[in-house]
Amino acid sequence: MPDLRLRTTIAAAAVAASLVAPAALAESASDPDDVPGRLDLKRLTLGGGDQLVTVRVVTWEKVRASDLRSAGTGNRLFVYFDYREDGAWDLRARIVELSEGKLYALLAGSGSAYEPLRVRRSGTSLTFAFPADVVGGDIETLQAWAKSAYRGSGCPVVCVDRAPDAGVVTT
Ligand SMILES: [Ca+2]
Ligand SMILES: [Ca+2]
């Protein structure tokens, strides 16, 4: 049983550290301006060091926190992580507005649940971080991709995007 409180404390410290020092390594994949709506993905970046994974999702348009309200919108923004190198995701993060104007990443998968991680917004960037041990500790083999679903202005049905369109971002 993971110690949720300990993980949260570590994550908060890690996020603070990530703001003052660049990640040890970072890889990103760009995605074109290929769907209408505010969740058109532009770039996914994975950064990491020995103890920390940082994730940044960039969109073509500025996302409002209310676009990612957990209920009622039908909108979804997920980042998927594959750390067992089998091509299937082991852990995913859903970015949602849990309290007004505040976005969090909810990590779930592999039978574990974690405390919500705060997501920082800056312009069109959404950034969060978590301890590397959540993904098995070896970020060298970590792979990720992002998917969004949006219904609203420009998307009367649902606009779905994936970044990158094919393949993954790997550290
Ligand atoms: Ca896109
Ligand atoms: Ca795409």
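The structure described here is a predicted model, and it contains one helix and 12 strands.

**Overall architecture**

**Nonpolar core and Val53**

- The largest nonpolar core is made up of 44 residues, and those with the most contacts inside this core are Leu44, Val53, Ile95 and Val135.
- Strand 3, which covers residues 52–59, supplies the largest share of this core, namely five residues.
- When residues up to four places away in sequence are left aside, Val53 touches Leu46, Gly48, Ala129, Phe130, Ala132, Val135, Ile139 and Leu142.
- One of these partners, Val135, is itself listed with Val53 among the residues that have the most contacts inside the core.

- Gly137 is located in the loop that runs between strand 9 and strand 10, the latter covering residues 143–152.
- Although Gly137 and Val53 are 84 residues apart along the chain, their C-alpha atoms are separated by 9.5 Å.

**Pairing of strands 6, 8 and 9**

- Strand 6 (residues 102–109) and strand 8 (residues 117–122) run antiparallel and are joined by three bridges, and within this pairing Ala105 stands opposite Leu117 of strand 8.
- Strand 8 is also joined by three bridges to strand 9 (residues 125–131), again in an antiparallel arrangement, and here Arg120 has Thr127 of strand 9 as its bridge partner.
- The hairpin formed by strand 8 and strand 9 has two residues between the strands, and in this hairpin Gly123 adopts a positive phi near 60°.

**Lys102 in strand 6**

- Lys102 belongs to strand 6, and it is partly exposed because 13 other C-beta atoms lie within 10 Å.
- The C-alpha atoms of Lys102 and Arg118 are separated by 7.8 Å, while the two residues are 16 residues apart along the chain.
- With residues up to four places away in sequence not counted, Lys102 touches Ala65 and Glu97.

**Backbone features in loops**

- Glu85 lies in the loop between strand 4, which spans 76–82, and strand 5, which spans 91–99, and its phi is near 55°, a positive value in a residue other than glycine.
- Glu85 is partly exposed because 13 other C-beta atoms are found within 10 Å.
- Ala163 and Pro164 are joined by a cis peptide bond, for which omega is about -10°.
- Pro164 is placed in the loop between strand 11 (155–163) and strand 12 (169–170).

Definitions and conventions
Residues are numbered from 1 along each chain as its sequence is written. Chains are lettered from A and ligands numbered from 1 in the order in which they are written. This is a predicted model: local features need pLDDT of at least 70, side-chain atom pairs count only at pLDDT 80 or more; totals for chains, interfaces and linings use all residues. Helices (H or I, at least four residues) and strands (E, at least two) are DSSP runs, numbered from the N terminus. Two strands pair if DSSP finds at least two bridges between them. A nonpolar core is a set of buried Ala, Val, Leu, Ile, Met, Phe, Trp, Tyr and Cys residues joined through C-beta atoms within 7 Å. A residue is buried if 20 or more other C-beta atoms lie within 10 Å of its own, exposed if 12 or fewer, and partly exposed in between; C-beta atoms are placed from the backbone. Two residues are in contact if their C-beta atoms, placed from the backbone, lie within 7 Å.
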